[in-house]
Amino acid sequence: GALLLTLTSRWTARVTRHGRAIAVSAALTGVAVGAFGLVGSLPLALLLLAVAGAADMSSAIFRATLWNQTIPDDLRGRLAGIEQLSYSIGPTLGTTQSGALAAITSVRTSLVAGGILCVAGTVVLCALMPRFWRYDSVLEVAPVREDHADPSGVGRLHDLEVPLGAAGLDDRGDARLDGELRPVREREEGI
């Protein structure tokens, strides 16, 4: 599933609501794992595992994109350490929880409960972080440079100094846009 999604991931470039994409992907992973715990057919079980893998890969693609768009360069090293902890501790804790629950109840109960908890956790976190759910890269990504990176203001609409084109990209070859950029360039170069 993850391999197939990666090979066909060109569509992800058109998605701008990365927070929503991450949340939907995470919830879909939970649904697929929970359903995997309920099915008795091997082909259907394998299909659900492929769906879970694809959803997890989709989440990974959008998490990496969101990270690269919003984290200033001078904070990336420190935050990468925290991110590495979540990647190493999260699955280990999940495996421990699943194994403990399976030992007390059954493997089926553990899988279904894990899927339900994944979906519920995603819903709760989105409710607690509405800005994450609403995040839209076209509206919120500010060009971040080391000389004026402010970690408290990254990704906020008022930080946009460079008007974004229709595709959400800075097109410096556009004559109209070049005229709008001139005051920004003059201020930056001290002219």
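Select Thr 122 first. Thr 122 lies in helix H5. Helices here are DSSP runs of H or I with at least four residues, strands are runs of E with at least two, and both are numbered from the N terminus. Thr 122 counts as buried because its relative accessibility is 11%. Buried means under 20% relative accessible area, exposed means over 50%, and partly exposed is in between, with a 1.4 Å probe and protein chains only.

Now show what surrounds Thr 122. Leaving aside neighbours within four places in sequence, Thr 122 is in contact with Ala 23, Ala 26 and Ala 27. Contact means heavy atoms within 4.5 Å.

A note before moving on. This is a predicted model, where local features need pLDDT of at least 70, side-chain atom pairs count only at pLDDT 80 or more, and totals for chains, interfaces and linings use all residues. Residues are numbered from 1 along each chain as its sequence is written, and side-chain values use heavy atoms, with hydrogens and water left out.

**Zoom out to the chain**

Colour by secondary structure. You will find eight helices and zero strands. Read from the N terminus, the elements run α-α-α-α-α-α-α-α. The chain has 191 residues, and 26% of them are buried. Look at the contacts with a separation of 6 or more: residues 24 or more positions apart account for 61% of them. Accessible areas come from the Shrake-Rupley method with a 1.4 Å probe; for residues, only the protein chains shown count as cover.

**Along helix H2**

Select Gly 30, in helix H2. Is Gly 30 buried or exposed? Gly 30 counts as buried, because its relative accessibility is 3%. Apart from residues up to four places away in sequence, Gly 30 touches Gly 115, Cys 118 and Val 119. Draw a C-alpha to C-alpha distance from Gly 30 to Val 119: the two are 5.4 Å apart in space, yet 89 residues apart in sequence.

Go on to Phe 36, also placed in helix H2. Its relative accessible area is 24%, so Phe 36 is partly exposed. Which residues does Phe 36 contact, leaving aside neighbours within four places in sequence? They are Ala 45, Leu 48, Leu 49 and Leu 111.

**The nonpolar core**

Select Ala 21, Ile 22, Phe 62, Leu 66 and Tyr 135. These five residues form the largest nonpolar core. Helix H2 (18-38) and helix H3 (42-70) each supply at least two residues of this core. A nonpolar core is a set of buried Ala, Val, Leu, Ile, Met, Phe, Trp, Tyr and Cys residues joined through side-chain atoms within 4.5 Å. In soluble globular proteins, nonpolar side chains tend to be buried together.

Centre on Ile 22. Beyond neighbours within four places in sequence, Ile 22 is in contact with Ser 59, Phe 62, Arg 63, Leu 66 and Phe 132.

**Back to helix H5**

Pick Val 107, in helix H5. Val 107 counts as exposed because its relative accessibility is 57%.

Then pick Leu 125, placed in helix H5 (residues 107-128). At 48% relative accessibility, Leu 125 is partly exposed. With Leu 125, they make a nonpolar surface patch of about 390 Å².

**Last stop: confidence**

Colour by pLDDT, the predictor's confidence in each residue, from 0 to 100. The chain averages 75, and 72% of the residues score at least 70. Over residues 153-175, pLDDT stays under 50, and the model has 38 contacts beyond four places in sequence for them. Residues 177-182 are also below 50. Where pLDDT is low, the predicted coordinates should not be read in detail.

Technical notes
Patches are made of residues with over 30% relative accessible area and no salt bridge: like charges are joined within 9 Å, nonpolar side chains (Val, Leu, Ile, Met, Phe, Trp, Tyr) within 5 Å. A salt bridge is a side-chain nitrogen of Lys or Arg within 4 Å of a carboxyl oxygen of Asp or Glu.
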